[in-house]
Amino acid sequence: PPRILTLEEPVLHMDHCIAFAVHGNPAPTLHWLHNGQVLRETEIIRMEFYQQGEVSEGCLLFNKPTHYNNGNYTIVATNQLGSANQTIKGHFLEKPFPAASGLFSFRMRYAPKFLCVDSKAFSFQVSIAVGLAAFACVLLVVLFIMINKYGRRSKFGMKG
């Protein structure tokens, strides 16, 4: 029956790798569970291994894993004579904002002190900013017209 020789915690090489070695004759089929559910291989998670005699060695590879990939990983090796499994904890990243439970709590917790969450004060601040921007645009247009009108005349009647 199959026997799991080694199962190592994730290590970062080119990708994150959970290394394993399984012994069995006949060669066992291998599959993985993530938190008790069958793990499907994708572009992000894939298994690579090679068979050398009765030993299969390889890695469960993770391409840029996130906190969603944290959890327990179980390798299951099965052949006609039996099966074996072993579990290891994979921890890749912390949750980005573990205490925040939504956008509002994120805004309240991580917003700078000068930002006001009150909607009336916020709309007043926006109207002040829009008014200042409009005033600056009008001022620039008036300056442009005055420069074009009075800036082209020569002071002494000399032509350029």
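A disulfide is a pair of cysteine sulfur atoms within 2.5 Å. The legends below describe close-up views of a predicted model.

**View 1. The disulfide of Cys17 and Cys59.**
The sulfur atoms of Cys17 and Cys59 lie 1.8 Å apart, and the two residues form a disulfide. A search of the whole structure finds one such link. The torsion about the S-S bond is -65°, which makes the link of Cys17 and Cys59 left-handed. Cys17 belongs to strand E3 (residues 16-23) and Cys59 to strand E7 (residues 55-62), so the bond ties together parts 42 residues apart in sequence. Cys17 has 4% relative accessibility and therefore counts as buried. Cys59 is buried too, because its relative accessible area of 18% falls under the 20% limit.

**View 2. The open sheet E5-E4-E8-E9.**
Four strands make up this open sheet, in the order E5-E4-E8-E9, and their pairing is antiparallel. Strands E5 (37-38) and E9 are the edges, each pairing on one side only. Strand E4 covers residues 29-34 and pairs with E5 in the antiparallel sense over two bridges. Leu33 stands opposite Val38 of E5. Strands of a sheet pair through backbone hydrogen bonds, either parallel or antiparallel.

Is Ile75 buried or exposed? Its relative accessible area is 0%, so Ile75 is buried. Beyond neighbours within four places in sequence, the contacts of Ile75 include Ile4, Leu7, Phe20 and Val22. Leu30, His31 and Trp32 are also among the contacts of Ile75. Ala84, Asn85 and Gln86 are in contact with Ile75 as well. Between Ile75 and Ile4 the sequence separation is 71 residues, while their C-alpha atoms are 8.6 Å apart.

With a relative accessible area of 16%, Ala84 is buried. Which residues does Ala84 contact, leaving aside its neighbours within four places in sequence? They are Pro2, Arg3, Ile4, Ile75, Val76 and Ala77. Arg3 and Ala84 are 81 residues apart along the chain, yet a distance of 6.0 Å separates their C-alpha atoms. Ile4 is also in contact with Ile75.

**View 3. The cis peptide bond from Asn25 to Pro26.**
The bond from Asn25 to Pro26 is cis, with omega near 5°. Pro26 is in the loop between E3 and E4. Most residues other than glycine have a negative phi, and most peptide bonds are trans.

**View 4. Positive phi at Asn35 and at Lys64.**
Asn35 is not a glycine, but its phi is positive, about 55°. This residue lies in the loop between E4 and E5. Asn35 is partly exposed, with a relative accessible area of 44%. Lys64, likewise not a glycine, has a positive phi of about 55°. Its place is in the loop between E7 and E8. Is Lys64 buried or exposed? At 72% relative accessibility, Lys64 counts as exposed, because the limit is over 50%.

Methods. Residues are numbered from 1 along each chain as its sequence is written. This is a predicted model: local features need pLDDT of at least 70, side-chain atom pairs count only at pLDDT 80 or more; totals for chains, interfaces and linings use all residues. Side-chain values use heavy atoms; hydrogens and water are left out. Buried means under 20% relative accessible area, exposed over 50%, partly exposed in between (1.4 Å probe, protein chains only). Contact means heavy atoms within 4.5 Å. Two strands pair if DSSP finds at least two bridges between them.
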